[in-house]
Structures are given as C-alpha cells and as structure tokens.
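My notes follow in the order I checked things.

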Number of protein chains: 2
Amino acid sequence: MTVSVELAPLDQAAMTAVGEHLDRLTKPPGSLGRLESLVVQLAGITGSATPRIERPAVAVFAADHGVTAQGVSAYPSDVTAQMVANFLNGGAAVNVLARAAGAELVVVDVGVAGPELTVSSRVRAGTRDMTVEPAMTHEEVLAAISVGRNVVRGLVADGCDAIALGEMGIGNTTAASALVAALTGRRPAEVTGRGTGLDAGAVHHKVAVIEAALRLHQPGPDDPLGTLAAVGGLEIAALVGAMLTTAEARIPIILDGFISGAAALVAAGIASNLAARLIASHRSAEPGHRVILEQLALEPLLDLDLRLGEGSGAALALPLIRSATLLLDEMATFDSAGISSPSE
Amino acid sequence: MTVSVELAPLDQAAMTAVGEHLDRLTKPPGSLGRLESLVVQLAGITGSATPRIERPAVAVFAADHGVTAQGVSAYPSDVTAQMVANFLNGGAAVNVLARAAGAELVVVDVGVAGPELTVSSRVRAGTRDMTVEPAMTHEEVLAAISVGRNVVRGLVADGCDAIALGEMGIGNTTAASALVAALTGRRPAEVTGRGTGLDAGAVHHKVAVIEAALRLHQPGPDDPLGTLAAVGGLEIAALVGAMLTTAEARIPIILDGFISGAAALVAAGIASNLAARLIASHRSAEPGHRVILEQLALEPLLDLDLRLGEGSGAALALPLIRSATLLLDEMATFDSAGISSPSE
C-alpha cells in the first residue's frame, strides 16, 4: 500500500520578497512578531509575494470508531451522527465560527455508523475495534484518503484559497493517541488525555486499551499507512488525503487540534515537505498534541485550552491569519507615508 | 489631586446564567476553554446574560515625551506626528486591523509635539523631561484624563459596545517602564525592554534614565495619579480616563500591550473593581508587560510576540472576542438538537 505525493520545498524567492516588504512597512522591524513569520510562510506555500485569503473553507470529516466498544469515550457513539445532523442544521461551534470567519463549511460523512444524512462518501459504517483486528483494511484506508482528496479538489476548483480541517468522531482521541504513540515512539500514557471529559480512572483504562492495540499490531513510523490502517480512523485517513491535495495545490492547510494533528503526522510521513505547509491554529488541551507540534516543529497561533475539535480552533484562527495577509497587503511603507527611519 | 470613580463588582447573576447556558450547548462541558471564561467575564461586565459585541471601537491616543531628549528611543520624536498622519490616512497596522474587525477607529492627539492634524484635544505639545522635572502638572494630568473620558463618552453615545485601546508616542515605553517600576516596586531593569528596537547597550542606558527619574520623584503605588504626573505621559493619562469611563459604562475594555497595560495599573489604583473589567488582548514582547499582567491577574488571549502598540493587538483580538459571544448566542443546545448526554 503506497500513496505517492511529491511536494516542492517552500518558495524561497517569494519568502524573501515578503520578508523585505515587511521591513518597508510603517512599523519597527519585526514588531508584528508571529504575524510576520506567518505571512512569510504563506508566501512560501503559495509561491506568491502577496498571499491572500479571500475564500477560506472549513472541511469537517466525520466517522465512527469500533474501539468505542471498549468504553473509551464519555459519550455514546450515537453522538457522532447526532453532531453531523447538528452541523447540517448550523448549530455546532464550528458552524458559528466558520460563519464568523466568512468561510464555507463542508461536512463529509466518511464513515459514520447510523443513517446517512449528507451526500454520502461513506467508506464503511465505522472502523473495526482496533483491540481485536485492524481498524481498516488497506483498501478502506485508500478509499478514505481518496474521499479527502476529492473534497479538497472540489474546494480548489471553487477557488478556495485556505483549507481549515476538522473532524467529528466519538472515540477518535483514542485512535489519535494510538497513532501518535506508534509514530513518535512515546508511551501511550504520555499522549493520552481526557478526550471529551474522562476522569482519571477512565483515562487509565483508555491507555490500557491503546497499549493492547499497539501490542497486537506492532505499528511503527516506517509504515505510516499501515499504522493508519491498524489504529487510525476513516475521518483521520480522509484528513490525510485532504492535506496531501491541499499541499499539492499550494494552499495553506490550517490544522485544528489533536486529531487533525495526528493526521498531519501520518501525512508528513508520506510526503516530505508537507510539514512546512501546515499552520497550527491552536494548542489543544490534549497532552498528545504537544508531542505532535514538537515532532512537526509547529508553533500554534492560539493557546486557549480548547478541546472541542470539529475544526473549531482552525475556524477561530482564520480571521487572525487573514488579518496577517491584510497587513502585508494594505499597510503603508515608510517611503509612501514619509516617515522617518530610526535615528542613527 | 483625586479622581473618584466607584465601580460595582461584576454581575454574579449574569455570570452564573451564562455559565449554566454554556453547559447546555452542544459541546463537552468546558471544551471551549478560555472562550468560556471570556463570555462569563463579558456577562459580569455588561450585566447581560447575552453579551454582544456588535459595534466595537478602537481609540488611539497619541502624545510625545520630553524624556526622548535623553536618547531613549530608536526613532526620533517626529515619528509620533508622522504616525498620526499615517493613522488618518489609513495606512498603519491598527487601521488595517480595525477595518478587518469591523471596528470604528478614533485617533486622538492628546499631546503630540508638531502640527495639529486632528480635531485637537491637545493638552500640551509633549510632556516635560521626567529626568529634570515632573512630566506633567496635576492640572495637565486631569485634563488628559478628561480627554480620554470624553472620547469614550462620545463612543458610548454612538452605541459602541466594546472599546479597544491603543496609543502612539515615541518614548512611551520609557514612561510605561517607569510607571510599572514605581507602581509594582520592581527594579527598572526588570521591566524595561527594547521598545521599538534598542540594542542591549541602549536598553542599559534607558534603564539608567528611568532610575534617575525615579530617584528624583520617589513615586509610589500609594499615589497613582502623582506617579502618573511625575513619570507618565499625556496619552497614558488619556488611556486611564478612557478606561474609567468605559468601566462606568459597563462596557468591556480591550487592552493592547505594554503601554495600555501601564495605564491599566494606574486606573486599577484609582478604581477598585476595574481590573475585573479588563480583557488583555495579547502578551507583549516587552518584559514589563508580564509584570503588569501578573499584578492585574490577567491572562492574555494571544501570545504572538507583538510589540507594535497602536492598539494593534487589541484590534487583532476583537474578532476572537466577538466569536466567543457568537458561540454563546448561536450554538444549539443538547435539548434543541436532540443529542445524547455523556454515557453513565
């Protein structure tokens, strides 16, 4: 099983041009801090010295997890389908935040267990229980990756110029923790957290479930797709596909929190140069997210103790990212405004 | 010299109502992290269980500083007036960010040295050199506070429901560092930074200048207005007035970085219960800002290494604050969306 994606490194000429322009704007050099490194990165991703975000989109992939049979979540599996309905009715956090950001929201059922509510891209009604057998077959992984790739192809064809990625799937912090442990070599206890709200005893049980799955499958970083099949999820595979196609299209990928971060680890294992095309919107309260950010050398824009998922953090960060591009585009230069340089 | 302002404590009933409503929304309890404590605070400030931000404003106060004669800034004093012109032409960072946030921008010359460009509220063309004499007389301090109060009265009359505060004044990180040292008892070296871009030697000189001013005036936390007169600035006094009137109007005060933070220290020394009405937009790169945030028990929303001032950080945070209010207002509840509760 292979997925072959070649990505060019970031466009150095565009990055240099933006860096030079930033120093001509009416502000002390470097005084816009992280917003400056962000627009330099956007230039490198897009190859444009005037990167713009005018049509952002938020894509949310939903799926269920067989491992919920092991009692790893505070909520029943039914909630995945119920929340997809909530997305379609406009009542979830990600709906509010996408509207506030002026972003199109696309909800994709890639593997929910329950009645189909959206135009279906369902590969299978939930994964298998990873403690008993691999969560997915290789064919299912590839199909779910294709779903993600096709969704992004559609958004790119519509003119979207930034893709924020989110997910919904009761049980998916268990899959994400298992992926992170397998791909980074950390112990499950280091990368497993409360998810939607487990107490300490339940987190302990969740760790034991993940340890059992890892003992069974022995996945590792040399085989990101095999690891994804063994302990991942259909929505996580779709996120991997979405990231690969977004990167190929030279469009910035706005990560949400822990789950999309775990997908990014897989995607970065498939395509070198992918990590440089990721923008981490926020630092999640989940402990495994810190490990992901470290591994991918990402510095998140926000640190607000969010742990909701859905793409909520990514949507929340969109106006901030857009503001950085507007500063580059609209600020006066020292020359044009007739402002004195630093005193010598 | 006294300014007497009585502020009620935050409205506990509104805060409790918002806390309870947050737990009915379709998300795990607490999963929106800091956004949840933020809307609870907004409820406490406004006394409304449905706090809204529909007409935010950014008020920028500009003034010059006599202490620039001591060579404490990387830029010449002329830049204050030049940047005011830039604000009026729409070319500065705060213009771009206020536009992006849908906020009205008001620029107030409360003490610029140079030709008057705006409808003048100028108290004096810059402060005196604090190393030689008090920066302002008591009358000048009270006049500058009144300027700030009047600007906010006008914005409140226009229906503004959130006030972000910024400033422009070459030399004002020196005044702010002197204020923070005097009001917190920290050594000047602990609360003095690079400002617009000093090197290490120049920061050392800036510290010596502040030490000389503090030796001369011996200001202290028991006399915030006297301290403001001795080592403050006209724009800082106007910010103090703006904060007092905003707090009285039960409207949230969005602080920018180091300078508005120093003004907040003064305002909190005048009016108890003021600190609870402050929202810290970001953590500035200036070392003294950490001391201010600690003293006022504020946790900033953003940490992006900004060190520009102008109100840029406050304007950047406005969409995020507004998003928090929209989540409270627009999300579905578990009941209305028919979503299952946590499994028992």
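How many residues of chain B are in contact with chain A? I count 52 residues of chain B in contact with 52 residues of chain A. I keep in mind that this is a predicted model.

**Entry 1: the interface**

I looked up the area next. About 4,200 Å² is buried between chain B and chain A, and carbon and sulfur atoms give 65% of that. For polar contacts I get 14 residue pairs between chain B and chain A, both residues at pLDDT 80 or more. Then I asked which helices of chain B supply at least two residues each to the side that touches chain A. They are H2 (34-46), H3 (78-89), H4 (93-101), H12 (312-330) and H13 (334-337). H12(B) gives the largest share, seven residues. By type, that side of chain B divides into 30 nonpolar, 14 polar and eight charged residues.

**Entry 2: salt bridges across the interface**

The rule finds two salt bridges between chain B and chain A. I noted one of them: B:Glu330 pairs with A:Arg99, at 2.9 Å from N to O.

**Entry 3: salt bridges within the chains**

Over all chains the count is 28 salt bridges. I picked out a few.

In chain A, A:Arg283 bridges to A:Glu299, with the closest N and O atoms 3.7 Å apart. The two residues are 16 residues apart and link distant parts of the chain. A:Arg283 lies in the loop between strand E5 (278-280) and helix H11 (287-295), and A:Glu299 in the loop between H11 and helix H12 (312-330). Is A:Arg283 buried or exposed? A:Arg283 counts as buried because its relative accessibility is 18%, and the cut-off is under 20%.

B:Asp109 sits in strand E2 (residues 104-111), and B:Arg122 in the loop between E2 and helix H5 (138-157). B:Asp109 is buried at 2%, and B:Arg122 is buried at 18%. B:Arg122 also forms a salt bridge with B:Glu116, at 3.9 Å. B:Glu116 is partly exposed, at 47% relative accessibility.

I also logged a network in chain A: salt bridges with shared partners join A:Arg186, A:Arg187, A:Glu190 and A:Glu294.

**Entry 4: a buried alanine**

Last, I checked A:Ala164 in strand E3 (residues 162-168) of chain A. A:Ala164 is buried, at 0% relative accessibility. Leaving out residues up to four places away in sequence, A:Ala164 touches A:Ala57, A:Val58, A:Ala59, A:Ile254, A:Ala314 and A:Leu318. A:Ala242 is 78 residues from A:Ala164 in sequence, and their C-alpha atoms are 9.9 Å apart.

Note on methods
Residues numbered from 1 in each chain as written. Chains lettered and ligands numbered in written order. Predicted model: local features only at pLDDT ≥ 70, side-chain atom pairs only at ≥ 80, totals over all residues. Heavy atoms only, no water. Contact = heavy atoms within 4.5 Å. Buried area = accessible area lost by both parts, 1.4 Å probe. Salt bridge = Lys/Arg side-chain N within 4 Å of Asp/Glu carboxyl O. Polar contact = N/O pair within 3.5 Å; in protein donor to acceptor, adjacent residues only side chain to side chain. Helix = DSSP H or I, 4+ residues; strand = E, 2+ residues; numbered from the N terminus. Nonpolar A, V, L, I, M, F, W, Y, C, P; charged D, E, K, R; others polar. Buried < 20%, exposed > 50% of the residue type's maximum accessible area, 1.4 Å probe, protein only.
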